[in-house]
Amino acid sequence: MTDPRDRAEPAQPPVGHSTSTAERGSFCLAVCSCGWTGPARRSRDLARKDAGRHTAG
């Protein structure tokens, strides 16, 4: 028999977190409605990954 507490819950972003990216000159950074900002990146893809990591954990 398995313990129901052992089942992994699907990952949900923290309540109140809405991420997007913002352009600052030649850089892009991830921003969140909670006030968090990621590092400035030249790659939009890396900025989006930063946002994903923020909401995942």
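Q: What lies 3.2 Å from the backbone oxygen of G52?
A: A polar atom of the T55 side chain does. Keep in mind that this is a predicted model.

Q: Where is T55 found?
A: T55 is in helix α1.

Q: Is T55 buried or exposed?
A: T55 is buried, because its relative accessible area is 16% and buried means under 20%.

Q: OK, zoom out. How many helices and strands does the protein chain have?
A: The protein chain has one helix and two strands.

Q: Which pattern do they follow along the sequence?
A: Read along the sequence, the pattern is β-β-α.

Q: How do β1 and β2 run, and how many bridges join them?
A: β1 and β2 run antiparallel, and six bridges join them. As one example of facing residues, T21 stands opposite A30 in β2.

Q: What about the hairpin, how many residues sit between the strands?
A: Two residues lie between the strands of that hairpin. G25 there takes a positive phi near 65 degrees.

Q: Let's pick a strand residue. Where does C32 lie?
A: C32 lies in strand β2, which covers residues 27-32.

Q: Is C32 buried or exposed?
A: C32 is buried, at a relative accessible area of 9%.

Q: Which residues does C32 touch?
A: Leaving out residues up to four places away in sequence, C32 touches H17, S18, T19 and H54.

Q: And what separates C32 from T21?
A: Their C-alpha atoms are 8.6 Å apart. Along the chain, C32 and T21 are 11 residues apart.

Q: You mentioned H54. Where does H54 lie?
A: H54 lies in helix α1.

Q: Which residues does H54 touch?
A: H54 touches H17, T19, C32, C34 and W36, again not counting residues up to four places away in sequence.

Q: Is H54 buried or exposed?
A: H54 counts as buried, at 16% relative accessibility.

Q: New topic: salt bridges. How many are there?
A: The count comes to four salt bridges.

Q: What does R44 pair with?
A: R44 forms a salt bridge with E23, and the closest N and O atoms are 2.9 Å apart.

Q: How exposed is E23?
A: E23 counts as partly exposed, at 44% relative accessibility.

Q: Which residues are linked in a network of salt bridges?
A: R41, D50 and R53 are linked in a network. D50 meets R41 at 2.9 Å, N to O. D50 also forms a salt bridge with R53, where the closest N and O atoms are 2.5 Å apart.

Q: How far apart are D50 and R53 in helix α1?
A: They are three residues apart, which means a separation of about one helical turn.

Q: Now the loop. Where does A40 lie?
A: A40 lies in the loop between β2 and α1.

Q: Which residues is A40 in contact with?
A: Setting aside neighbours within four places in sequence, A40 is in contact with F27, C28 and L29.

Q: What about A40 and R24, how far apart are they?
A: A40 and R24 are 8.2 Å apart, C-alpha to C-alpha. In sequence they are 16 residues apart.

Q: Last bit, the whole chain. What share of the residues is buried?
A: Buried residues make up 21% of the 57 residues in the protein chain.

Technical notes. Residues numbered from 1 in each chain as written. Predicted model: local features only at pLDDT ≥ 70, side-chain atom pairs only at ≥ 80, totals over all residues. Heavy atoms only, no water. Salt bridge = Lys/Arg side-chain N within 4 Å of Asp/Glu carboxyl O. Buried < 20%, exposed > 50% of the residue type's maximum accessible area, 1.4 Å probe, protein only. Helix = DSSP H or I, 4+ residues; strand = E, 2+ residues; numbered from the N terminus. Contact = heavy atoms within 4.5 Å. Pairing = 2+ DSSP bridges. Polar contact = N/O pair within 3.5 Å; in protein donor to acceptor, adjacent residues only side chain to side chain.
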